[in-house]
Structures are given as C-alpha cells and as structure tokens.
Amino acid sequence: MPTIYIDDKPYEVKAGQNLLNAVLSLGMDLPYFCWHPAMGSIGACRQCAVKQYQDENDKQGRIVMACMTPAADGTRISIDDPEVQQFRANVIEWLMVNHPHDCPVCDEGGECHLQDMTVMTGHNYREFRFKKRTHRNQDLGPFINHEMNRCIACYRCVRFYDDYAGGDDLQAFAAHDHVYFGRHEDGVLESEFSGNLVEVCPTGVFTDKTLQRHYTRKWDLQSAPSVCHHCGLGCNTLAGERYGTLRRILNRYNRAVNGYFLCDRGRFGYEFVNSDDRIRVPQLRYRGDKDTEEISRDDAMRQAAEMLDTSSGLVGIGSPRASLESNYALRKLVGKDRFFTGMSENENHLVSEVFDILRNGPARSASLDDIRKADAVFVLGEDVLNTAPMAGLNIRQAIRNQPMEGVEEMGIPEWHDAAVREVVQGEHGPLYLATLTGTKLDREATDTYHAAPEDIARLGFAVAHELNDDVPAVADLDQDVQQLAEAIARALQNAKRPLVISGVSLGSEEVIRAAANIAWSLSTAETPADIHYIVSEANTLGLGFFESGGLDSALEMVESGEADTAVILENDIWHRAAPEAVESFFDTCKQVIVLDHLETGTVAAADLLLPAATFAEGDGTVINNEGRAQRFFQVFAPEEPLQESWRWLGEMCKQQGNDPRWNSHDDVSNMLFQDIRTFAGLVHVAPDSEFRLNNQRVPRSPFRYSGRTAMFADRDVHEPQPPEDPDSPLHFSMEGTSKQQPSGLTTFFWAPGWNSVQATNKYQSEIGGSLRGGDPGVRLIEPSKGATPEYFTDIPEQFSRDATEWVAAPVHHIFGSEELSARAEGVSQLVPDSYVVLNPADAKRFGDGEEITVALEIGSSIYTERVKTDSTLPEGIVGVPVNIEELSKIQLPDRANITEAESV
Ligand code: SF4
Ligand code: SF4
Ligand code: FES
C-alpha cells in the first residue's frame, strides 16, 4: 500500500487512487465539485486544489488538483497550507460570480453541495459588483425543474446524462460565461435516468419537480431506508415524508445493488402513495349495485370473521408486489395447500424455473454490481431499459471494461475520466442483444438480433452448443444466425467476466433455459459464470421460495367448488389471468376479501375491502431478482386503520382460533423463517426491533428537523408523543443516535459540513466501496458448488408465421408497464396511449394511410387499437404493450386474430 504524507503526517492508502479519493477515504474534508465517485475526474472546477511538495525539503510546493493527481507512494501534500486555502476560496468566488444566491427560495437549499463547499472553503463575501448574466429556463417535463442561473459550470450533469447514462438530448451549449446546460429546445428529458440529475448537480439547477408540487424543506423530512417496489431489481431508496404524505425518493447507496443511481420509474413512481384513489378505510362493497359503505376497523374484523366462519372453503391469492411477511400471513390464514402466488400460471412456472436454475445449477446469480463489472454481455429476450432500467445503465458501464484494458496498458488510471474517454472514444466491448424489437441499447451493441421468442431461444441454444458439445446442435439454423452464435460464443469465451442476462418478460421458458445452458457452459468447477435473470416485480423471486401454484390454480379451486371464499392480497388479478376466467371466478366466488392500496378492477369486485399500507407506511421484506432479501422500513405511521396486510391477516388468523401472536414485525418474520427453511437466511437481513445503539433508537428525522412543536398546533398546543414503533429499531423522532448504525438502518446520509447526498462518502468503508458494516441485504441464493448441470435439450422449432393467427407478444414500457408507478402523478403523464405494433409489411394489410386501426381478437375479447409500425418487429407478431389501459387484461404471449377496423 502506498504511503502518502498529508500536512507531514503519513497515511497508508489503497493503490491506484487519486489524491481526492484518498483524502476523502481517510475521512478528511476537501472541497470538490466536478469529481464524482462513479464518474471519475476531469479537473474542470479547480475546487479540490492542494499543495504538492517534491520531497520533505521542498518548502515551496505547487498547487495541484487533488482529483487529477495520483496518490503515489511518497506523495507529499498539504490541505491546510494558507496559499492553497486562499486558492480554493477564490475558486468558489469566481464559480459563483453569476450565481443568484437565492438559497432561501431554492429547492436545493439545506441539501446543497455548493452551500457546503462555500462554507468549507471559508469564502464569505463576493466582490463582484456588476450585473449578473441570466438564462432562460426550460420545461423539461414532469420530473425535473430547471433553473440555469444557479449553474457553476462543473459539467457533472452532461457527464452523467450523456457519458455515463448514454443520453443525447441534454448538452452543454454556447461558451465562456454563457455556457448553458439543457436541451436544444423545451421538452421532456428522454433519458430513463434523468432524475439522477437532481443528485448529481451540486447546485439547484436540476431539482425534483414532483417534490416541488408538495414542497417541504429537506431537513423537515422524516425518512427511512426503503426498497424500490417498481421492478424486480430492488434498488435501495430513502423515502421522505412530511405531514402524512410521501414527498420524495432519494437514492440510498448500496454498492452491490444500485450504487449511486436510480431510474426515473423508481424515483418518481412513489406518488401513487398520495393518490386520491388510495383506499384508507375498510369498506363493505355491494357488488351488484356498486354501492360501498365505509365501516370501522372492528366492524371490518367482525365482517371478516363472519365471512371466514360461513365459508365452505378458503383460497388465498398472494402477490409478487406484496412483502414476504404479507404473503406468509395469507398462507398462514388459508393453509399451505390453499395458498397461491397470484402470478399468472405462466409467470409462476417461469419463476420457479429461474429459481431452480439459480439454486441448483453451477452459475451464479449476478448482482447489479456484477453487471457493471462484466466485460462481455449477451442479453437474451429482455428490453432491459424498459423491464429493469438500472440493469441497462450498468450494461452501459460494462461495455467500457474491455476498451479500458488498453487504457490501463497506456498507464492512464481508470479514474482519469477525461483521458480515458479521449483514448476509448466510442469503442465498446462485446454486447450482443437478442430482443423482440429494436431497443435503445442497440446503438451501443456489437450486434443485435430481433426475432420471435422461439428464434431468440434457438440463438441461445446455438451459442451454448458452440461453447459446449453436451448441448445439442440447433437444427436448420440460418447461416447468418449460426455465424452470430459463433461470434457471441467467442466473445463470451474470451472474456474474463462473461455475463448472460435473460428474464421472464417475453413469457418464454425456452429463452430462460437457453440462457441457463450458456451460463452453465461457461462455468467451471472453480468459477461459476454470472447469470442475471430479470423478473417483473419487487418480490417476484421471493414468491418462488414459497413453491406454490399460480393464479389459475386458485381460480380453478373456486370453479370446482373446493373454495367459495377468496382472500386476495395486493393484487389486481385482472392483469394475470384470462378475462373470462376472472369474470367467472368473481361470478362463482361467494365471498371476496381484498387487501390493497388503490382502486383496481379486483377491488371493485370485493365484498370486503381492507386498506393495506404501502411500502412507505409499513415494514416488510422483499427478495430481488438476484436473490437478495432486503428490508424496507415504515417511513411514517399512517392514520388508523391503515396498516400492513400482514397485520390484517394476523388478526384474521386470531379470529379463526389460529393465533399467530404477531404483535410486531419480528414476530411474523421469526415465524416465517422458522416455518419455511429456505427463508432461514432472513434472520440476518436487518437488526430486530430490540436493537439499540448506546441504548438509543435510530432517528428517522435529522437533528435539523424543525417545527415539530407547531405541526399539530391547530389541534393541540401540546407536542404529541411520537408514534410507537414496535416493528423496528427506528424512532419517529429526531432523538436517538445515527452514528455508526448498521448499514441497512441508514435513515439519511449526513455528516458535519456535508448536508447534501455527497455525505454518502462518510458512510463508506472507502470511497465507492461498501457501506461500513457491509452492503445491505442478504443473498439467499448461491450457486450449487460442483453441481453437474443437466442441460436443457428441448430446442424449439423455428418461428414461422401462421396464415391466419398472429402471435401477440409483450412490449414493455418503463412508464406504464408497472401498475403502481403508472398511477403516480408525474409518471402517468408519460404513459403511452394504448396501441399495438406491427411490422410495416404486416400493417399494410390493414390500410395504407398514416393512421391505421385494427380489431385485435384474443380469447373472447376484441380490442380496437391504433397501429404503430416497427420494422425491427418480426412479421407475424403483434406487439402488445404490457399493462396499458384495457390491454392490461391480455395474457401474453397468446394467439390473436387481427382484422381491419375503421380507418381514422
Ligand atoms: S447544471 Fe449543475 S451539474 Fe450541470 S454544470 Fe451546472 S452546476 Fe454542474
Ligand atoms: S431499476 Fe427498478 S428497482 Fe431500480 S429504481 Fe428503477 S424501477 Fe426501481
Ligand atoms: S473536483 Fe478536482 S477539479 Fe473539480
């Protein structure tokens, strides 16, 4: 380890870092703007100046930028030298020449890196006495507010947006003091990751427009560690509340999962929690006349007891968007054999296939961080930017890894972003995409293949065969596909960290199996190859652990008369089974109890409706697609009777004489992992509610929290007791200690002098490394060491279009395909209107005009839809957007008929 000398004191530091990184890793303070731990150094702002000395005899030294200087053995620097201190103060003075100093009205105020750095440099008075230049701001869509006058030209925004996230509609325009960061004209930012500008920009240029709609000062937020519920990746978040409404989502750093970033669905999808459609009190619903009656909690429980007592058979329908605890509580209520996961039968089958492959095969389930580190990637069947956006962001980093090897050979350190990009230019490492249609990642791919699911699987099998003779050859493979398979196999074989990504989004078992064959073929006894399966919802893989049947089996139980009373947990089953089957289920089922957050088609068919707490109002655990169990904590105590589904269901168990004695989250989770052995690892997911630091709880509010004595003054001038929290070691208060809490209990990132998100540095074991105490969450699935895989051999026939029937295949949208975020105010503005997509050659059959509508017939339902065309979609397939309007009732994939409808 190199030793560096800072103000004459020796320090051992990790090799290969720059001085800024090293100084911050040592826990010292040094101001900076343009450097970012994930994006490296460009030396643009000149804020991180230190004085460097040649040796111990050099008393003069020279000013260098710490972020641009290697922390080599023997390096001697001073941070405290008066000349360098003055230099840093001068730098901030000139960076702020045109800054409006509008902190009291700025949304960034109180969490502003520019404020922090101004204080840190000791700069007080600006001597600039002239008129400041001003800019016109832009309307950038529903997520991001723009106030360009606050810019200090650090270039972080475009470096993140364009260089890191692959966007191209945000640029730096003009020159010298008129440099402008924005779009070429007003309009919605096109990147799936635009929300990160809020955290990346060190000033108030880009701020959260959704927070602005219900603004509260940042230090007045009560917050808790949470997990994103809007896809299967489980990115870590910090959710903030004030006055009983959820106000914003921030990134919560987890090196192994999302690192420093989130996607826009995850950041802005939270607004559904505040929706007018929220169910907040129990209701009796009279299905026939659509009448509803709000009832008390006690009456609801009495009603539930009566329904359960008079039932001739119960069935429980779980949910992949509900916590493990709530699903388990439902299983406890109805019994193991009457519990079903609530996923469509096909998805349930695919998830159990994924679960088996990950648990019993030799390949290793890759984390999001593993994607970042891969040096050759093959994606089979997933439009990742729409099904699991953060996986797409990390693929964009992975394809830099091979070209980076050349950079290292030239002696350029990885952190020197300006030099690295100069050398690498547009070069990409191997990335092969086999998807249904073209995707936004295509332009970065080495090669792409757009085909029907069967043909994607065939390509996968062919790649596996190239790698391994134990996998049978694919018959009748076109020559170009064969060549592509050979190229992909070569690239994976030559890579140090090859990665296969696949998933359930196409609904194809063959695709999943082909991916497994490849990863298994790449695995050796010593080194399991990485595979990353994308699943659709926050707890989809968690439900795989229950090893229960899917929704159709539950519906059949009612159809067959084995059950007449259904309890449906946080699930709109209209999305997950054929409409005629759901209709018949509701007609046949005598009594339906539904627990959910929002009005849905299923809620409309309930007899008794119980209001279920969302992720922000309750505690629970979810398992992401990697197999990582992660705990989310209640952010605020909702108004009674809103409570977690597991609490409602626990009370119902009690009424049935099956008292599970669940007084707290600990009780239910303890019983869960004692009852189901595969959940044993849950014991380590987070400290239990008894955990204390120096006999104190961990506060949810920062010590700067204000106005708590006035918050309820309209009702009572006495300050109320904060709510009790029997479920966690967190406190609904600013009292307690947040020093060195376990990493999974971080309620906010803050350190003296560091009020912005940059305070994350102070919580890491090293800059960009794990949080102190380790990455939050516990992996419950590891590869089966030494397992000899039984390769899949059922290779599908080549896809050929049917003369009369079409294949309706799923098309995913980041905004709209996930049901909860689609109900958020901001996100809902970007959900597309319903449509179907055809190859232009197919579309021609139904009209020549600009706008064509068709009648899409699936099962007994007919949907009249506008047609979009896409030449990358194979002929014979109709792409149907997932979860959009009426189309959400279609079970995909399916067979369809298309006939001409009226031309518009
Ligand atoms: S807009 Fe923000 S991130 Fe971009 S250059 Fe200006 S201050 Fe830096
Ligand atoms: S990638 Fe998925 S889990 Fe991560 S922030 Fe986006 S929606 Fe949430
Ligand atoms: S942080 Fe070093 S020059 Fe900007």
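How many disulfides does a search of the whole structure find? The search finds zero. A disulfide here is a pair of cysteine sulfur atoms within 2.5 Å.

This is a predicted model: local features need pLDDT of at least 70, side-chain atom pairs count only at pLDDT 80 or more, and totals for chains, interfaces and linings use all residues. Residues are numbered from 1 along each chain as its sequence is written, chains are lettered from A and ligands numbered from 1 in the order in which they are written, and side-chain values use heavy atoms, with hydrogens and water left out.

**View 1. Cys 589 is in no disulfide.** The nearest cysteine sulfur belongs to Cys 653 and is 18 Å away. Cys 589 counts as buried, at 3% relative accessibility. Buried means under 20% relative accessible area, exposed over 50%, and partly exposed in between (1.4 Å probe, protein chains only). Cys 48 is also buried, with a relative accessible area of 2%.

**View 2. The shell around ligand 1 holds 13 residues.** A residue is near a molecule or strand if one of its heavy atoms lies within 4 Å of it. Cys 151, Cys 154, Tyr 155, Cys 157 and Cys 201 come nearest to ligand 1. By class, the shell has eleven nonpolar, one polar and one charged residues. Ala, Val, Leu, Ile, Met, Phe, Trp, Tyr, Cys and Pro count as nonpolar; Asp, Glu, Lys and Arg as charged; the others, Gly among them, as polar.

**View 3. Helix 4 (residues 156-164) is mostly covered.** Helices (H or I, at least four residues) and strands (E, at least two) are DSSP runs, numbered from the N terminus. Eight of the nine residues of helix 4 are buried. Among them are Arg 156, Cys 157, Phe 160 and Asp 162. Gly 166 follows the helix, with a positive phi near 75°.

**View 4. Residues around ligand 2 include Cys 228, His 230, Cys 231, Cys 235 and Cys 263.** Helix 7 (264-268) and helix 13 (389-398) each give two or more residues to this shell. The shell divides into eight nonpolar, three polar and one charged.

View 5. Two strands pair if DSSP finds at least two bridges between them. Strand 19 (residues 431-435) pairs with strand 20 over four bridges. Thr 448 in strand 20 is the bridge partner of Leu 433.
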